[in-house]
Amino acid sequence: MNAKIFDREELSRWVANQRSLGFKVGFTCGAFDILHAGHVEYLTRAREYCDRLVAAVNSDSSIRTYKSPLRPINTEEQRQFVLAGLEAVDAVTLMHEVRPAPLLELLKPDVYIKGGDYSTEQLKSKALIESYGGQVVCIPIAFPTSTSDILKRAALLSLHEDAPRAERKGEQRLVFLDRDGTLIRDVPFLHDPSLVELMPGVLEGLRMLEDAGFTLVLITNQQGIGLGYYTEHEFIEVNRALLRKVAPAGINIARIYYCPHSQADLCQCRKPGSLLLENALRYYGVKPERCYLIGDSAADCVAGERLRIPSIVISGDTPVQECTQTGRSFTDAVNWIMASEAQLAAPTLA
Ligand SMILES: [Mg+2]
C-alpha cells in the first residue's frame with residue numbers, strides 16, 4: 001500500500017539498517033486520528049531531532065481502550081496511510097499496545113519524541129530510553145488544535161446548518177425561542193461566553209416544555225456579525241456556553257437558526273422577517289399551529305404571527321400589540337403554553 005508502512009519485524013530490520021548507515025533514528029507515537037496542522041507541525045519539528053522518523057499509530061482497539069469507545073473516527077489502516085504520506089515521516093507502524101514501551105525496547109530509538117506539555121521528567125518511558133543511552137525530547141504543540149476540539153466544533157456547526165432540501169415529515173411540536181433577552185440576559189452585541197447568564201425561570205421552563213414533548217428551536221438575530229462587531233465563531237462560542245448551562249438539566253436545544261445580517265442588508269431572515277421560522281417548519285415538516293414562539297420583542301412576535309404561530313412576548317410591564325399573549329417572565333410564557341395545550345386536549349362540550 002505504501003512503502004513506508006512496516007509490520008513490527010520489518011520495522012525492526014529497517015531501523016537496524018538505517019542505523020548501520022549512520023542515521024539517527026527518532027520515534028514518536030499517537031492516535032493521529034484526524035490529521036490537523038498541529039500534527040504536521042509537530043512531526044516536522046520531531047524530524048529535526050533525527051535523520052529518520054518512525055511514527056507508531058495506535059491501533060483502533062488501543063484507542064478504544066485509552067481514549068473512548070467511540071473513537072477513532074478513521075481506521076488504523078487509513079491513519080497509517082495518511083501519516084506515511086507526510087514528508088517528515090520515514091516509517092509507520094501499528095501499535096497495538098496502549099503504552100509504547102514494548103516498541104521502544106525493540107527499536108531502541110536514538111530519540112524518543114513526545115508532543116504536548118509533558119515535562120520530560122514525567123514521561124514514564126524516560127528511564128527505559130536513558131538505560132540504553134537514548135534521549136527524550138518533548139515538543140510543545142504550536143497550533144492550539146486537537147481532534148476533540150474539531151469534533152466538538154463540527155457537532156455544534158451541524159446545529160447551525162441550513163435547512164436541508166429534503167422534506168422531513170414529523171409529528172414534532174416546536175417551541176421557537178429567541179435567545180437574547182429571552183433565554184439569556186440581553187447584553188448588547190454579546191460575544192463573550194463568560195457573560196452568558198440564564199434569565200430567571202428559563203431552566204425550569206425549558207424542562208417543562210421538553211417534558212411536554214416540545215422540540216426546542218432557537219431563532220436569533222445576530223446583526224453584530226454583519227456589522228463586524230463579532231465573528232460567527234464568537235457567536236458559536238456564546239451558544240456553546242448557553243448549551244453548557246442547560247445541558248446538565250437534560251435540556252436539548254435541537255437546532256439553532258440565526259440571521260447574521262445587519263438591518264441595512266434588508267434580508268428576509270432577520271426578524272420580523274419569518275424566513276428562519278419557515279426554514280425550521282420545513283425542516284421538521286411541522287404546521288405552524290403545532291408551534292409556539294417565545295420572544296422579548298415586537299420583532300419576534302411579528303415574525304411568529306406572520307405564520308400564525310401563537311407568539312408570547314416577555315415584555316415586563318410594556319404590552320406589545322403584535323403578539324398573541326404577553327407575559328412578564330419566561331415562566332409566564334411557559335405557563336400560558338401549558339394552559340393552551342391543556343385546553344386543546346380537553347374534550348369540547350357539545
Ligand atoms: Mg431578544
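A residue is called buried if 20 or more other C-beta atoms lie within 10 Å of its own, exposed if 12 or fewer do, and partly exposed in between, with the C-beta atoms placed from the backbone. Gly-115 is buried, because 20 other C-beta atoms are found within 10 Å. The structure is a predicted model, in which local features need pLDDT of at least 70 and side-chain atom pairs count only at pLDDT 80 or more, whereas totals for chains, interfaces and linings use all residues. Residues are numbered from 1 along each chain as its sequence is written.

Gly-115 is found in strand S4, where helices (H or I, at least four residues) and strands (E, at least two) are DSSP runs numbered from the N terminus. Leaving aside neighbours within four places in sequence, Gly-115 is in contact with Tyr-42, Ile-139 and Ile-141, contact meaning that the C-beta atoms of two residues, placed from the backbone, lie within 7 Å. Tyr-42 belongs to the buried residues of helix H2 (residues 37-47), together with His-39, Leu-43, Ala-46 and Arg-47. These residues lie on the same side of H2, because they cover an arc of only 135° around the axis, the arc being that of the directions from the helix axis to the C-beta atoms. The cover over the buried residues of H2 includes strands S1 (25-30), S2 (52-58), S4 (111-115) and S5 (135-139).

An open sheet is formed by 6 strands in the order S8-S7-S6-S9-S10-S11, with parallel pairing; two strands pair if DSSP finds at least two bridges between them. Strands S8 (253-259) and S11 (325-327) stand at the edges with a single partner strand each, so one side of each is left without a neighbour in the sheet. Strand S6 (residues 173-177) is largely enclosed by the rest of the structure, because 4 of its 5 residues are buried. S6 pairs in the parallel sense with strand S7 (residues 214-221) over 5 bridges, and Val-175 stands opposite Leu-216 in S7. S6 also pairs in the parallel sense with strand S9 (residues 292-295), over 3 bridges, and in S9 the bridge partner of Phe-176 is Leu-293. S9 in turn pairs in the parallel sense with strand S10 (residues 311-314) over 3 bridges, where the bridge partner of Leu-293 is Ser-311 in S10.
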